[in-house]
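I opened the structure to look up a few things and kept notes as I went.

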Amino acid sequence: MDFNPGLRAESARSISRRWFFRECGVGLASIALTSLLARAGDLAAPGRTLAPRRPHFAPKAKRVIFLFMGGAPSHIDLFDAKPELTKRNGQLPPESLLAGYRSAFIKPDATLLGPKFGFSRYGQCGMELSELLPHLGKVADDVCFIRSMQTDAINHAPGQLLMNTGSMQFGRPSLGAWSLYGLGSETENLPGFVVLSSAKGSSAGSANWGCGFMPAAYAGVPFRATGDPVLYLSNPPGIDAEAQRDSLDSLRRLNEMTLAVTGDPATQARIEGYEMAYRLQASAPELMETSREPESVRSMYGDVSKPGFARNCLLARRLAERGVRFVQLFHEAWDQHGNLQNGLKRNCADTDQPAAALIADLKQRGMLDDTLVVWGGEFGRTPMAQGTDNGRDHHNRAFTMWLAGGGVKRGFIYGQTDEIGFSVVENPVHVHDLHATILHLLGFDHERLTFRSQGRDFRLTDVAGRVVGDLLV
Amino acid sequence: MFYDRRKRGVQSAHSPRARRACRAGAMSLFGMVSAWAAEGKGPDYIRDIRPVLADNCFQCHGQDEGSRKANLRLDERDSALKGGKTGEPAIVPHHPEKSALIERITSTDEEEIMPPVSRKHALAPAQIELLRAWVGAGAEYGEHWAFRSPRRLAPPGRGNPIDAFVRARLVREGLKPAPAASADQLCRRLHLDLTGLPPTLAELDRFNTAYRRDPEGAVNQAVDALLASPHYGEKWARHWLDAARYADSDGYEKDLPRQQWAWRDWVISAINRDLPYDEFVIEQLAGDQLPGATEAQRIATGFLRNGMINEEGAVVNEQFRIEGVQDRIDTLGKSVLGLTLQCAQCHSHKFDPIKHTEYYGLFAALNNTYERTDPVYSPEQKALIARLETQVAMLEQQLKSAEPDWPRQVETWAAEQRRAAIPWTVMSPKDFGWVDGSAHPDLLPDGSVISLGYRVPNGELFITGEPALQQVTGLRLETLTHPDLALGGPGRNHLGTFAITELVVEVREPGAKAWRKLELCHATADFADVERPLEARFRDPAKEKDREKTGGDKRRQGPVAFLADGSDETAWTADRGPALRHTDLQAVVQFAEPVTLPEGTQLRATVKAGHGGPDIRGLDANFPGRIRVALTQVPSPVADLLPADARTALARKPAERSAAENAALFAAWRACQPRFAGFSAEIQRVRDGWPLPHTTVLDLTARRPREQRVTRLLERGAWDHPGPVVEPHVPAFLHPLRPEFDTLPDRLALAKWLTDPASPTTARVAVNRTWQAVFGDGLVETPDDFGVRAPLPAHPELLDWLAVDFMEGGWSQKRLLRTILTSQTYRQSSAVSARELAIDPQNHLLARGPRFRADAEVVRDIALSVSGLLNTRIGGPSVFAPIPASAFAESYAEVDFWKIAEGAERYVRSLYVFRRRTMTDPVLASLDAPTGEVSCVRRDRSNTPLAALGALNETVFSEAARALALRTLREGGRDDRERIAFAWRLCTARLPRKAEIAELERLLAVQRERLRGGWLGAREIATGSSTVVPEVPAGTTPVDAAAWTIVARVLLNLDETITKG
């Protein structure tokens, strides 16, 4: 007998229907039918909430590392070289583009602003990248660039929610939660979905990695850069490991006595919860010990001795190695309304080497093939200047993201924007399409991965999304 | 085309596993169908057929016209019989072989088969047979149970009707009810259910004694006593706060703290005084529209205001206002109607009969509100204000007695004032905004510009227009109040006042490129403020750091001359003081020379707001919230010296003035008379004593007739895709709006309609939610969805009986709870055998008592209560829990307001723990407390390691363990065995069994050994610090305290401690 809520819920559904059919003189065999009718789309795999599950078809990626660049990086200064924009610096954008256009701050009289940095071509693929991204350049042939991303939002919190939960409204499960719901976790020592933050907090806050209407076990667990890696991981002052083990042994035995009397499966689940907490007390600090990595690996990432994006990238790899399904890094630093030049320099100095190192490190361990790395923010930035000539506003009509590993083409460039980086002119990829593609790589048909809440079968991709087949190997 | 969602339909599909199961199900269908045939009836539409159609067909053949294919509806019998655009009937009753429906679902042609292959919905053979059998039996449709008003059925037996209904079902199932719970268990259960706090040992003893004598009497008495406890309101308020998405912060990226606890306290009070549920709902929806609305009824409308507020820079206020109204409808749907209204925000509901337009009919009823922030005064403050008002009235009375012919004097003076009034022409703004676009203001019909959304710390707000006058001599800048501004405005700083650094006026003649700045002179205002340094709150800390050396922040504020003195250091402020500050104000500047404005000349007035603090979150913004510009051609114009209320009064004939207007006029008159200067100074002195409100509340009122909004249907729910105009109306499939409500304001009519006894869902939803709180699951499993896709209830007759009894019993929750808690069903033991568990894992049949982990707040309150730390203060501001510093890294905006509660304040009930939406309290969140971002009427009950870590290690839980240890040593008896019994009983309400005692004795012994041996630090464990010597009760040692702390920590984490069983 497996005591767990998922199974209980499942058997309860069929059993509560049993009375119904018995009373109504209907044979038992139709129960399954009714249960099907009522719970269409529930993956309904028997077993623990977090037990590993098989997706719809063989996955290319077993895990995801999402490097979320909060604040929205400027595609124009980093990825999408636009010589024409340099030429038209100071001119007004074509009026035709501005019909029905909304940015956040700037007015229609804002003039175009040429890219702030030089571009060079990298790798066999010849991807043009800003001079601020030399490290990414070195791994360009392992990366799949999407230069034609589009989103619906122009403000940060709704934009981040759309990118991370598929909806601009609060209350929906995050991409990580969907992944965990679909695939379960492959570790019993660590949470299946871990969140690491650097720079500042993100605009949409914990809703970016929440579970929405799904069970709490699917929510991302933040690992902290300072203090306990997981909140309340440390015992109260004076309680050493032995006292803790003694206490938990007593607690377990007492709870087992309760279980014997009450027979409540939730008690069994609670016993397991406390045991996993104990395991986490050992595994989380071990995970954080980046000093155990050889110097050759540490130096790949940059300075991992202090909290920050570099250390988080290394931690992401360690988490992936330990079976964590979904790791999401939040680096909220890219909102360059002003200070564009220095802000980008600093951000790239902080993130370029570690992100590239993550790809190289995964590759040298043979993990890149089944690990999908995603890099990007909530939207792009305007080709027009905000303020005088050192800032850009929010822009949702075109931006760049990149993917690596996990079943996507390598050294591939997809999509194209117009000559000033304003609109997508070829192969648009909406956020929903990106989500559909990520789910596809994880082995899911995004239209069939559903969760019922309030009588409705919700999808990550709402009523949209298409798998971008061109990106796949 | 940017993106077309309409081209893509909602799809869902079945798992392969379910499909296999479905095929298995088909095998016995033959038997099923022949059984129906024998009975002469087919499958039941509601139970068997509609779920199939809903899952597979209604997407394209349901009520949503937008996505309907082939003009065919299958959700209505008439339409199905008529057929779609082919003209062929989809269903021919009794003739499956002639029915296109059956033909299409059984087709082998990939082009023909339904659902289409692209839908990825294959009908299972069993489903096909079900449909065939149904058509064969006549294809009768039926009405969804929850959309029919509940009927009171006679209970099938005597005694408590709950027991009668439940027992009747158990008999049919061949099940027996569980034996009664022990008195201990029952006592604890009652306490946790009614007050959310465990019983004290004295209460346990009393109950046990009474129960032995007379179980019925004891239960009745306990229920009555607990219902009368003020803690009852705290426990049950929490359930409603979930539904009402209550939180103490605004949400979105800034997630600034808000004051909303006055509303929370209103809920506690309403529940404690058992405000009938219909009134409870009406007051929260439209308390302000009730005749003679009280302050409390106005505060109640805070329910609608609990949603989030986005003050991200550059947001379009209207977008988030509309999303806010949609959130209100979602909340009403989940909490009151039990319907998933949200679906109809974008299109007609796919399953439930709610149309897209009907959604906006509800929207229209909620759309015409002001989003107010109102002051709330404490009772002491109210008394003070009453005293001060009396003093002012007495002083004015003295003056009136001394000047018996004052009415004549006032009128003479008023006539003079009217004659002297300067004609002003309001300039209609052609363009307006913040120069850097950091916020987007809105234009109001009277030509004023209101700045909502982001509170710009420092910036420049401009209005450009084409003046109608040919020549102008001066400009009037009004700073106006508005109900959408906090406290009414006119400013947007914390007090509702403002500072204007400089007013710049420029013109641009037709053809000219550059703006020409006009020279301003002689500024006047209707209120003279005194010159002083800028209020400390707004000063720049960076400049203030070396105040001694540099003189600090040099900005000053005060007289209206500062408005146009060319200096960015000085600002005009006009604060009439706490009693009168929320009033319209005006300043007038003269142009050095009259300005000629050839036709087409543009004039731009720029208000520089440079006297705010540097806080980018906007907490120290200091600018006017609503401004208006007017021009005149009268030579040497000056500001009207009268306050705004007197100006309004002046415009009316004496006979038409209200008492308040007469008073305002009198006050203005007396203030203008030099001979009354003494009186006026005296009155001002009284008014200076006015208190600042001890808190504020977000609430709402109806918009003025001239500011009514027109509601439009929104395509795909998007604020910027307005469709046709929609008038307020209610969904047709529910009960009609009573004609007598027609004369009521829309929002009040909606509230009355929602709580009409004819409403099929309102009472059911309310009793179901109460039931859920007691039993863990509702009679309907989905408290937020009573629609066609909701699982059928296990006890439909009981639900209806309770709903009708609830309404007929005056919508009294206390009465409802009394009925539930005195039933034998409730009083059963919760122990379950493996066999019973297999039959009814979720206890829907109710053959045993409830058992589930208590809600987050209850778990924490149990620890506080048994340890003796609990502070039982009721209501008041929320307190900041001791959260580790690292948790604040999650926050986008700085969190400098988190002043961790110390001492007794830290130990108030968990209901009062500050809830910040984007940074949820880690302990409460780990135990499934909702974030408050959306309405939540059903909490998950998870078992994560994070919850375990919180209850083991979090600061307050650790402090509770130490306190419980000391309490046990102090009160628990002479030896460990007695103490174990004492502490165990505190935590679980029962005495420990032998094995349990042995386990704890062993734990104590081992820990004492290690403590004595120096392996563990007694001080550290017992006090949290190795340098603090624990104060232990006489006859005990620090080692005892430490060993007991370890034991207490185990006790607080026992399954039984945190479970209501």
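Which residues touch the most other members of the largest nonpolar core? I found Leu67(A), Phe223(A), Trp402(A) and Trp263(B), out of 275 residues in that core. A nonpolar core is a set of buried Ala, Val, Leu, Ile, Met, Phe, Trp, Tyr and Cys residues joined through side-chain atoms within 4.5 Å. Buried means under 20% relative accessible area and exposed over 50%, with a 1.4 Å probe and protein chains only. I noted that helix α38 (residues 1038-1052) of chain B gives the most to this core, with 11 residues. Helices are DSSP runs (H or I, at least four residues), numbered from the N terminus.

This is a predicted model, in which local features need pLDDT of at least 70 and side-chain atom pairs count only at pLDDT 80 or more. Residues are numbered from 1 along each chain, and side-chain values use heavy atoms.

I checked the confidence next. pLDDT is the predictor's confidence in each residue, from 0 to 100. Chain B averages 93, and 96% of the residues score at least 70. Over residues 1-35 of chain B the pLDDT is below 50. The model scores ipTM 0.91 and pTM 0.91.

Then I looked at helix α25 (residues 677-688) of chain B. Its buried residues are Ser680(B), Ile683(B), Val686(B) and Arg687(B).

Conventions:
Chains lettered and ligands numbered in written order. Helix = DSSP H or I, 4+ residues; strand = E, 2+ residues; numbered from the N terminus. Contact = heavy atoms within 4.5 Å. Expected span 1.5 Å × (residues − 1).
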